[in-house]
Amino acid sequence: MTAYILRRLAMMAPVAVIVTIIVFILIHLTPGDPARAYLGEEATPESVAAFRHELGLDQPLPVQYIVYLGNLLHGNLGNSIKSHEPVAQAIFERFPATFELGLTSLVFALVVALPAGIVGALRKDSAAGLVASVAPLVGVSLPNFFLGILLILVFGLYLRLFPPGGFTAFAESPIDNLRHLILPAISLGTVSAAINLRLMRSSLLEALAQDYVRTARAKGLAARLVTGRHALRNALIPVVTIVGIQVGLLLEGAFVTETIFAWPGIGRLAVEGIFMRDYPVVQGVVLVVALIYMCASLLVDVLYVYIDPRISYA
């Protein structure tokens with residue numbers, strides 16, 4: 001296992017380099033000029049050219065990438081074109097808000113999906129089973145931006161139960177922080193909850209139909225032990241896999257959700273960087289998201305061994 005983890009960690013370096021190449025090329029192909037976006041449309045061609053030279057944007061793209069990669073190897077993500085703030089510092093300051101939102105959304109998705117999926121599988125012919133089979137279709141069909149706006153209109157503006165947007169640090173007011181967190185967490189976590197519910201239900205139904213479950217029942221084991229010790233542990237493997245993928249999807253969804261709810265995380269930082277053509281900010285955020293996704297994938301592989309001892313990595 002240790003050798004496998006070390007190999008996976010070593011593989012992250014070339015993957016991260018490939019990510020930087022793709023992002024670097026795509027962002028430079030995006031229409032728009034960072035210098036013009038920063039100086040405004042009324043800026044003279046001379047001032048725009050001087051600003052581009054100051055940023056090094058007048059150099060060929062291969063040269064710009066080599067300079068960027070060299071700075072990256074020294075731990076320097078560059079400075080924001082808009083604020084001149086170091087990108088690493090901006091990400092460090094905003095990451096706790098994104099982590100809080102992403103973690104809460106993931107917990108919401110698991111707390112809702114796993115019990116509902118188990119009940120839907122054990123009582124597949126009841127009303128609960130019908131709800132568990134229909135609810136995922138509804139949840140997946142609602143884009144997070146539409147659901148977010150709907151939650152703001154209903155619970156933020158009409159019923160006035162929760163703030164329609166904004167952020168309060170947990171250290172300042174835990175209660176106010178929670179009130180601001182509920183709506184964006186539900187908006188971001190609903191799709192994940194729907195996917196997890198459907199997968200949990202189908203995986204458990206498949207596990208309950210296996211021969212080892214019938215054998216356990218024939219031995220006279222209690223239904224609770226058969227479900228929990230035998231069927232559920234095997235049914236959790238595909239769920240853990242999809243949860244690892246959802247870590248990256250939640251961070252991607254945070255780009256839209258944070259913008260809608262004015263949540264000061266790295267997703268909103270990236271969106272602001274895209275509109276301002278702030279190349280260093282967008283590249284830095286995407287690289288951090290890619291590294292988090294790779295770490296989550298590695299953690300999922302490690303959890304496989306603890307869920308099913310028959311799994312081993314040579």
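Which helices each supply at least two residues of the lining of the largest cavity? They are α1 and α12, helices being DSSP runs of H or I of at least four residues, numbered from the N terminus. This is a predicted model, in which local features need pLDDT of at least 70 and side-chain atom pairs count only at pLDDT 80 or more, while totals for chains, interfaces and linings use all residues. Residues are numbered from 1 along each chain as its sequence is written, and side-chain values use heavy atoms, with hydrogens and water left out.

Select first α1, residues 2–29, which reaches 41 Å from its first C-alpha to its last. Its buried residues (under 20% relative accessible area, 1.4 Å probe, protein chains only) include Y4, T20, V23 and F24.

Next, show V19, T20, V23, F24, Y68, Q283, V286 and L287, which line the largest cavity, a set of points on a 1 Å grid over the protein atoms alone where a 1.4 Å probe fits but cannot get out, with lining residues having an atom within 4 Å of a point. About 30 Å³ of space lies in this cavity, and its lining has 6 nonpolar, 2 polar and no charged residues.

Then centre on Y68, which, leaving aside its neighbours within four places in sequence, is in contact (heavy atoms within 4.5 Å) with T20, F24, Q283 and L287.

Methods
Expected span 1.5 Å × (residues − 1). Buried < 20%, exposed > 50% of the residue type's maximum accessible area, 1.4 Å probe, protein only. 1 Å grid on protein atoms, 1.4 Å probe; cavity = no way out; pocket = protein on both sides within 12 Å on 5 of 7 lines; lining within 4 Å. Points joined across faces, edges and corners; volume = space filled by probe spheres on them. Nonpolar A, V, L, I, M, F, W, Y, C, P; charged D, E, K, R; others polar.
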